[in-house]
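Good morning, and thank you for the time. I would ask you to keep the model in view while I go through a few of its local features.

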Amino acid sequence: MRRFWMFFYNAVFIPLFWILLFVAALFKRKIRLGIEGRKDLFERLQENVRTLRSPQRVWFHSSSLGEFEQAKPIIAALKKRHKHINVIASFFSPSGYDHSKNYKLADVITYIPLDTASNARRFLDLVRPTAAVMVRYDVWPNHLWELGKRGIPTFIANATMRNNSARLLPMVKSFHRVLYENLTSILTVSQNDADAFKSFGITRPSIQAVGETRYDQVWQRSEEAKAKHLIPPHILQKVRKKKVFVVGSSWEEDEEVLIPTFRKIVQYDSRALLILVPHEPTLDALENIEIKLNFKPKSIRFSDLNDYSNEPVIIVDSIGILMALYQYADVAYVGGSFRQGVHNVLEPAVYGIPVLYGPKHENSQEALELARRGGGFVVRDQQECYKTLRMLMNEEPVRKKAGDEALRLVKENIGATERFLEHLEKVL
């Protein structure tokens, strides 16, 4: 089956994938950026690897920014304990690459080339990794097969697999069985994930549940964020007297539920304050939010905060400060969950506050677990959102109990980074 799937993937799937990619690029700017960003990839990579001095190199590959956040605690711990090791970080998506170009703990940052057999060989000839770490899902077959041919230890970090995953369908499962046999270890988030991978019947990689490094990352980032003073002291005095609802990474679909909800909340509670952080704070997005508010209630942009005069809504027009803003919240909402999938619910949970999110949260095991424990609340429409938010803002014992459960989830799961490193260090 190995030869069949390698032939099928390279003779059928890859040509079709290339065609679809370039057609999609005509309509989606993000895909165009990814294609343009790969121009002269190998020439730039060759220049960058020339600066590396250590023969020991660990290659970390992430699809996008979210997955790279899960790699960061591993990279930080690895560099702290093995200062001589060089780290190469690659990305498939331009959002991951563009936001991580200045990440200081990676010695080389690059796109991964499109997954042809020749590209995989050329990439590994240049990078020459001692070990490779694929984060979560983004496992490219030709690169993985080439790593296997060269005997390079390869790991999946934070591996997950839901019971209804397409990878468990018979034909897809056969393909992935051939793929996973090239790995050294599959290190999963939970025992359920480990059992799902074991159902493939593969013996080559070890499969073990070590936990989710994202917990370590949010814990570290929350400690750093607490040292950031984003709100001027004279304004913070006013904010501390409010009941603060922070909405993080909102999309238009989230705002269509949240803005009418908060408009109703503020009619009954003059102390309510909404800090709204859009996922993409473009000028159009900011103006669209202001149009929806229509001065009811009044709003102010975060960049004008020195002129704050008790406006009930603060619209954040900066990027990279959401994690620090959650520390001011009494209740938080995490966006994406009325669109395609919830963003990181652990970022507010680490501050010990209740977390709200919409119906599309099945992509996040943390969101499912938060809801099960009572630290997270699923809201499916305006009515449910209003009812839940008003309860949490008005009933302090309920709010505190939910926040304690959210924080407990984070504390119980810290330590996955150390457990992952135990496996990685064996091959270094």
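Let me begin with Ile265, which is in contact (heavy atoms within 4.5 Å) with Ala272, Tyr386, Leu389, Arg390 and Met393, leaving aside its neighbours within four places in sequence. Ile265 is found in helix H12; helices here are DSSP runs of H or I with at least four residues, strands are runs of E with at least two, and both are numbered from the N terminus. Ile265 has a relative accessible area of 3% and is therefore buried, where buried means under 20%, exposed over 50% and partly exposed in between, with a 1.4 Å probe and protein chains only.

A word on the basis of these values. This is a predicted model, in which local features need pLDDT of at least 70 and side-chain atom pairs count only at pLDDT 80 or more, while totals for chains, interfaces and linings use all residues. Residues are numbered from 1 along each chain as its sequence is written, and side-chain values use heavy atoms, with hydrogens and water left out.

Staying with H12, residues 252-268, we see that this helix packs against H13, residues 283-293, at an angle of about 35°, with the axes 10 Å apart. The axes are lines fitted to C-alpha atoms over the stretch in contact, and angles run from 0 to 180 degrees between N-to-C directions. From H12, the contact is made by Glu252, Glu255, Glu256, Ile259 and Arg263; H13 contributes Asn288, Ile289, Lys292 and Leu293.

I turn now to helix H6, residues 117-127, where Asn119 lies. Is Asn119 buried or exposed? With a relative accessible area of 17%, Asn119 is buried. Its contacts, not counting residues up to four places away in sequence, are Phe42, Pro113, Leu114 and His143. Just after H6, Arg128 takes a positive phi of about 50°.

Finally, the nonpolar cores, which are sets of buried Ala, Val, Leu, Ile, Met, Phe, Trp, Tyr and Cys residues joined through side-chain atoms within 4.5 Å. In the largest, of 70 residues, Trp59, Phe60, Tyr180 and Ile186 touch the most other members. Apart from it lies another core of 43 residues, including Ala225 and Phe302.
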